[in-house]
Structures are given as structure tokens and as C-alpha cells.
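My entries follow in the order I made them.

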Amino acid sequence: LLSPPQGYYTRHGGVGEGGDFVTSPEISQVFGELIGIWYISEWIAMGKPKAFQLVELGPGRGTLTDDILRVFNQLGSLLSKCDVSIHLVEVSPKLSDIQAQMLTGGKVQANPEDESAYMKGISKTGIPIFWYRDIQDVPPGYSFYLAHEFFDALPIHKFQRTERGWREVLVDIDPEVPDRLRFVLSPSSTPATENFIQPEETRDHVEVCPEAGVIIQRLASRIEKDGGAALVADYGHDGTATDTFRGFRNHKLHDVLTAPGTADLTADVDFRYLQKMTEGRTAMLGPIKQREFLKNMGIDLRLQVLLQNSRDTATREQLLHSSDMLMNPEKMGDRFKFFALLPHHRLAPPDNNQKPELAPPSLPVAGFGELLLK
Ligand code: SAH
């Protein structure tokens, strides 16, 4: 995916209707708007800190951030005293160009090598935006994190249980067919089989994404240290799925070993593994189904307003169709899950020893319970 000369993300970028796969923000503006409201709601619940960074991992075409920035702009009077900045973690030069075009109209400047951000610009709504290759380059500070369809794009190790113990699934050149790759089992155990398989594992085939583990730990440590929250959405399982690694090209399943670099590669996210990696540092809410999260965030109401405001039938049909894509259990509604990482104190039960009038009211976390629309 990320090979500099040949990688799928480095060369193509593939997200969107004309690409190889479509994601929720590309389907409907409502998706990003509701996520924008989630951040505002958490910002209020956490006592309206004077500044925050919105940090998005793997922003694709930049559509989600664009929709969020529109909401921030519409609620400008609320945020007027808050210093907001956008920080995008993106490795693909092709996609960062597309993001720059979408968010700033192309008005960006490359930074010298010794600066942590490789590029910077100002959004159409006047908010500074910075681009990085790694989450560790993003300056510390109170931050809201966003990772939508990011973790599923990270590389996995695959393992197979055999009579002789765990073996790693490796990619080999087929000796019989020129220019063909094939899967083989490692002849013995490997450093990965030694380190990444849990002793209590019961499955026969396991996929592990250590990079996802490292990144989620970094997010949890940053939230624990500097405050903020993370919202993560992806498809995945609770540590029970086995062989999920697959490719997509032109919106169709594609053999992962055929024509590498021309198809998107993905594996379902192991939410239980991610939760384990954050334990102790932050609290986790979810994962809950996308349709529940969006419903709790008020998607029905937002859809009603948009339907009332649209004059032609085609627009109305498009709105209904896109909302069905996001919410229908048979489409994206059940498959995609949302979870949030929050500082422990955000969810702490009220302290009974404290006088009720002194204890700050703890607001429910939007999306994971019903949103109080006031
Ligand atoms: N969030 C977007 C795009 C998802 S595609 C959407 O929902 O539409 C995955 C994104 O992650 C792409 O932008 C890809 O370039 C980026 N990406 C993949 N691996 C990455 C890595 N290791 N570090 C940073 N970005 C990465």
C-alpha cells in the first residue's frame, strides 16, 4: 500500500465514487457534520478548553475534515474564543495533495525538512492546517483525534495453527508460474509467532496488526497526558474473526496477490486487541454499531431538515439513498462500529463525598447515549 514507487495509496489513493472503494464521508455530508457535532459536544462537556487540535489519521480525500470544518464555522460564535487547529497524519503524497486542494483550495506551503509538519496551509474557513507522516510528529496539546477507516488499512501478520504449533503465513514467489505470488507457511516459528499470539488464543487462524496496537497506545497516552478524546470508526470484530484480509479494486473484491499496488488492501479491525492496548490509560466507550451512533447523534432530525430544504425530487432521493447506505443494517449500518477513548475522569461517577452543588454535572457522551439537543 505504501511502497514509494508502486504503492496503492502512494500512487492511486482510490477513495471515492470514481475510485476503488467508497467510505461514509464520501456518501453523505451528514456523516461528517454529525461527527463535527460530536467534537463540539465533548469540547463543551470538558469545560470548553481555550484551545484544541483536531488530529485526523488517514484523511483520504479530506472530505470528513471539510464537513467538520463547515460545522465548526457554522457554530463559529460558540468557538470564537477557542484556538482551533487541524493536524492531518497522511503518508501518501498523492492524497495529501488532494486534501490540500479540498481544504485550502491548494494554498499550502511545503515546510523545511527540520520542521515536524511537512506541509501547512489555512483552511477555507481560516483555520491553520498541518500535515505529518507520523502521529509522533504532531505537537503535544489538548487534542481530539479521529480515525475513520484508518486502522483497517494498516499491515497485518497472519498466523495458522498447525500440528507443530503456530506458523506465520508468508508471501512467496510461485516457482511454477512466472510473475505470480503465493501464500506459504513459515517452516518453523518466527519472531512474530513468538510475540503476537496470545497464550489463551483459541482460533486456528489469526490476524494481528501490531502497528494498530502501537498507534492506539500513542493516542491513549496522549489523551491521558494532555486531555481530549478520540473517535474511531471502522469495520471489525471483538477478537473472534479469522481470515478477513482482502483486496478491493473498482468496488469489487480483488485477489490480494494479483497485481500488487493496484488494489486497496484491508483487514477487519480487532477491537478487543485495541481495547487491551489502551487499558489503564483511557476509558473506552463502544464499539457500537454505526446506525446506533448516528441515530443517537440525531441523523433522523438532520435528514428531515435537509429533506424539507431541498426543492427537487432528485436531491431528496439522493438524501434518502445515502442515509439508507449509512444506516441500513444490511449495508453499512451494522458492519461499521464506533468507539471513543476518553480520559477516565470524563466517565467517573459523581463523587458522593462531594457536596452535590460543588460537583460538576457530568454530561453524557454524545453518540453513545442519546444526544440532548438543546
Ligand atoms: N478516512 C478516509 C480515508 C480512508 S483510506 C475516509 O474515510 O474516506 C485510509 C487512509 O489512511 C488513506 O488516506 C491512506 O493514505 C492513509 N494511511 C494508510 N496507512 C497510513 C499510515 N501508516 N500512516 C498515515 N496514513 C496512512
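What distance separates the centres of domain 1 and domain 2, taken over C-alpha atoms? I looked this up in a predicted model, and the separation is 32 Å.

Entry on the domains. I noted the bounds first: domain 1 covers 8-155 + 210-346, and domain 2 covers 157-208. I then listed the contact between them, to which domain 1 gives 19 residues and domain 2 gives 14 residues.

Entry on buried area. For domain 1 and domain 2 I find about 1200 Å² buried between them, with 55% of it on carbon and sulfur atoms. On the domain 1 side I looked for the residues that lose the most area to domain 2, and these are Pro-210, Thr-242 and Leu-257. Together they account for 45% of what that side buries.

Entry on the helix pair. I recorded the angle and the distance between axes, because two packed helices are described by these. Helix H3 spans residues 29-45 and helix H4 spans residues 63-74. I read an angle of about 55 degrees, with the axes 8 Å apart. H3 and H4 are therefore oblique to each other. I also noted the handedness: H3 passes H4 in a right-handed crossing.

I then listed the residues that make this contact. H3 supplies Gln-29, Phe-31, Gly-32, Glu-33, Ile-35, Gly-36, Ile-37, Tyr-39 and Ile-40. From H4 I have Leu-64, Asp-67, Ile-68, Arg-70, Val-71 and Phe-72. Sorted by class, the contact of H3 with H4 holds nine nonpolar, three polar and three charged residues.

Technical notes
Residues numbered from 1 in each chain as written. Predicted model: local features only at pLDDT ≥ 70, side-chain atom pairs only at ≥ 80, totals over all residues. Heavy atoms only, no water. Axes fitted to C-alpha atoms, helices over the stretch in contact; angles between N-to-C directions. Helix = DSSP H or I, 4+ residues; strand = E, 2+ residues; numbered from the N terminus. Parallel < 35°, antiparallel > 145°, perpendicular 65-115°, else oblique. Left-handed = near helix turned anticlockwise from the far one by under 90°. Contact = heavy atoms within 4.5 Å. Nonpolar A, V, L, I, M, F, W, Y, C, P; charged D, E, K, R; others polar. Domains from an automatic or database assignment. Buried area = accessible area lost by both parts, 1.4 Å probe.
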